[in-house]
Amino acid sequence: MPDFTAPTPDLTDAQALQLELQELQAAIAAELDPLTLSQRHRDAAYVAMDLGNPALAMTHAVTCLDIARSLEDVGVRARAHVTVALVMLDVYDDLGAWEHFREADALASAAGQARDVALVAVNASHYELERGRDRDATLRLLNLLDSPFARGLHLPGVSAPHTLEASFHINLVKAASRGQRLGQLDAAECARAQGPVAASVAALRAYCRHPEDLPAARWLPDVLESLTEWECAQGNETEATRLADERVTLARDSGSPHLLGQALLDRAVLRGTLGDDAGVISDAAQAGEIFAQSGQDLLVTQAMQAQADARARLGEFREAFGVQRALTRQLETLYRAYFQQGAQLRQIERQVGEAEVRAAAFAEAALRDPLTGAPNRTAAMQRLEHLQERANMGQPSALALLDIDHFKRVNDRYGHAAGDAVLLRAVQVLTAGIREQDCLARFGGEEFLLILAGTPLNVARQVCDRLCVALASHDWSDVSPDLQVTASFGLARLRAGSDLRLVLRAADSAMYEAKAAGRNTVREAPDT
C-alpha cells in the first residue's frame with residue numbers, strides 16, 4: 001500500500017484516494033531522481049487499483065518497472081514486479097500475476113534482502129488467498145516466519161506497526177482460519193500454525209483497540225474480516241456475527257461503496273454458513289445493487305449467486321431460477337467485457353516485456369567495451385566489490401593489472417587498425433586461458449584487469465605466467481608478418497579487510513616493476 005500521504009479526515013475514502021492520486025501525479029511530473037520516480041509510480045499504481053482503474057494502474061506499474069530495470073538496485077526491481085503482479089491479480093490474470101511474483105521472488109532471494117523477500121512472500125500470500133488457496137498462503141507465511149528473512153517484516157528502529165507487518169497478520173489469520181474451517185490444513189499444519197496465528201490475532205485485536213496504529217484507516221475492515229474468519233473457525237458464532245456487523249457499520253460510515261458492498265457480501269456468506277438464508281438474501285441483494293452502481297460486474301455475479309443459493313435452500317425454486325437466469329445473462333456480458341479489458345491490459349503488459357528487453361540490452365551494452373567486447377571498467381569494479389564481500393567472509397581472490405608492452409609503437413608502426421586488432425586478439429587469447437568464473441576487463445587504453453575469483457596468490461602467479469607466455473608465443477602474422485606482442489603483469493591479493501583502491505594501486509606498482517624488469521614478465525605486489 002502507498003505511504004505517500006495520509007487521507008484527509010473529512011473526505012470520503014474515494015475522494016481521499018483521488019486527491020492522493022493527484023498529488024502523486026504532480027510529484028511524478030516534477031521528479032527527476034529515477035529511484036524516487038519509480039517509487040512514485042509504484043504508489044500511484046496502488047492508488048489507481050484502490051480507485052478501481054486497472055488500466056491506469058497498469059500504466060503506472062509498467063512505468064515503475066521500466067525505470068526500475070534501469071537501476072542497479074535489485075530490490076527496487078523486485079518491488080516493481082510485485083506491483084505489476086498485483087495489478088494483474090486485480091483483473092484476474094492469474095498466469096501473468098504469478099509470473100511476475102516468481103520473477104520478484106527470484107530477484108529478492110538472489111539479493112538476500114530480508115525486506116524484499118518478506119514483501120514478495122506477503123503479497124504472494126494475498127494472491128493465494130484471493131484464489132482460495134488458503135493452505136498455500138498459510139504455509140508460505142509460516143515458512144517466512146521460520147526463515148532468516150522474517151526480520152524484514154519489521155522496520156529497524158520503528159516501534160509502531162507498518163504496512164508489511166500489518167498485512168502479514170491480516171493474511172495469516174485469514175488464511176489459517178479459513179484453511180482450518182474448510183479442511184485444507186491437516187492436523188500437523190494446524191498445530192504448527194497455532195502459536196503464530198495466536199500472536200497475529202493478538203496483533204489484530206490491538207489494531208481494533210488502537211486503529212491509529214494501522215497504516216491507514218481503510219485497513220480496519222480487513223482487520224475485522226480476518227478476525228471474523230478466526231472467530232468463525234473457533235465456533236464463536238455470536239462474536240463472528242458481531243464483528244461482521246461492526247464491519248458493515250464501519251463501511252457505511254466510510255462513504256466507500258466498494259467497502260460497503262464487500263462487507264455486506266462477506267456478511268451474507270457468514271450468514272449462509274450459520275443457516276440464516278433470509279439474511280443472506282437481504283445482504284447479497286444490497287451488495288449487488290452497490291456493485292452494479294459502481295460497475296463492479298464480477299462482484300455483482302457473486303452477490304447474485306449467493307441469492308440464488310439461499311433461495312434454493314429455502315425452497316423458493318422459482319425465484320432461485322429467475323436469479324440464476326439473470327446471473328447467466330450477467331456472466332455473458334461480463335465475459336465480453338473481460339476480453340475487451342484483457343486486450344487493453346495485454347497491450348499495456350507487452351510494454352513490460354519490451355521495456356525489460358530494452359533495459360537489459362542497454363544495461364549489457366553499458367558494461368561492455370565496444371571494441372573488444374570485454375567487460376569494461378565499471379563491470380570490473382562491480383565484480384571486484386562482490387569478490388571483496390566474499391573475501392571478507394574468508395574467500396580471498398587475486399587480481400592482476402596487465403599492460404600491452406610498447407603498444408604505442410604498434411600504433412605508430414602498423415597503424416591504428418592493427419592496434420585495434422591487437423587489443424581484440426589479446427582479449428581472445430587471454431580469455432581462452434582463464435576459467436568461466438574469472439574475468440578479463442578492459443581497464444583503459446591498452447591496460448586490462450584480470451580477476452581470478454577464489455584463487456590463492458601462488459596459483460594466480462602460475463596463471464599469469466602462463467598467460468604471459470601465451471601472448472608472447474601467439475602467431476600475430478595475420479595482423480603483420482613481423483609483429484610480436486607481450487604484456488607486463490602486476491599481481492595482487494584480495495583478502496579480508498582489503499581496500500580496493502589500495503589493492504589496485506599495489507597491482508599497478510607491481511606492473512610498472514615488471515616493465516622496469518624488461519617487460520614480458522610478472523611481478524607480485526606485497527600485501528596491502
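Q: Which strands does helix α18 lie across, and at about what angle does the helix run to β2?
A: Keep in mind that this is a predicted model. Helix α18 covers residues 416-432 and lies across β1 (397-404), β2, β3 and β4 (487-494). Its direction relative to β2 comes out at about 150°.

Q: In what order do the strands of the open sheet line up?
A: There are 5 strands in this sheet, and their pairing is mixed. β2 (439-444) and β5 (522-524) are the edge strands, each pairing on one side only. On average, neighbouring strands are turned by 25° against each other, ignoring direction. Reading across, the order is β2-β3-β1-β4-β5.

Q: Which residue in β3 is the bridge partner of Cys 439?
A: Strands in a sheet pair through backbone hydrogen bonds, in a parallel or antiparallel way. β2 and β3 (residues 447-452) go for the antiparallel sense, over 5 bridges. For Cys 439, the partner in β3 is Ile 451.

Q: Which residues form the aromatic cluster?
A: Searching the whole structure turns up 3 aromatic pairs. Tyr 127 also has the charged end of Arg 131 over its ring, 5.9 Å from the ring centre. The cluster is made of Trp 98, Phe 101 and Tyr 127.

Q: How far is Arg 377 from the ring centre of Phe 443?
A: To count as sitting over a ring, CZ of Arg has to be within 6 Å of the ring centre. Arg 377 lies over the face of Phe 443, and the distance to the ring centre is 4.0 Å.

How values were computed
Residues are numbered from 1 along each chain as its sequence is written. This is a predicted model: local features need pLDDT of at least 70, side-chain atom pairs count only at pLDDT 80 or more; totals for chains, interfaces and linings use all residues. Side-chain values use heavy atoms; hydrogens and water are left out. Rings of Phe, Tyr and Trp (its six-membered ring) pair if their centres lie within 6.5 Å; planes under 30 degrees apart count as stacked, over 60 as edge-to-face and the rest as tilted. A charge sits over a ring if NZ of Lys or CZ of Arg is within 6 Å of the ring centre and within 35 degrees of the ring normal. Two strands pair if DSSP finds at least two bridges between them. Helices (H or I, at least four residues) and strands (E, at least two) are DSSP runs, numbered from the N terminus. Axes are lines fitted to C-alpha atoms, for helices over the stretch in contact, and angles run from 0 to 180 degrees between N-to-C directions. Contact means heavy atoms within 4.5 Å.
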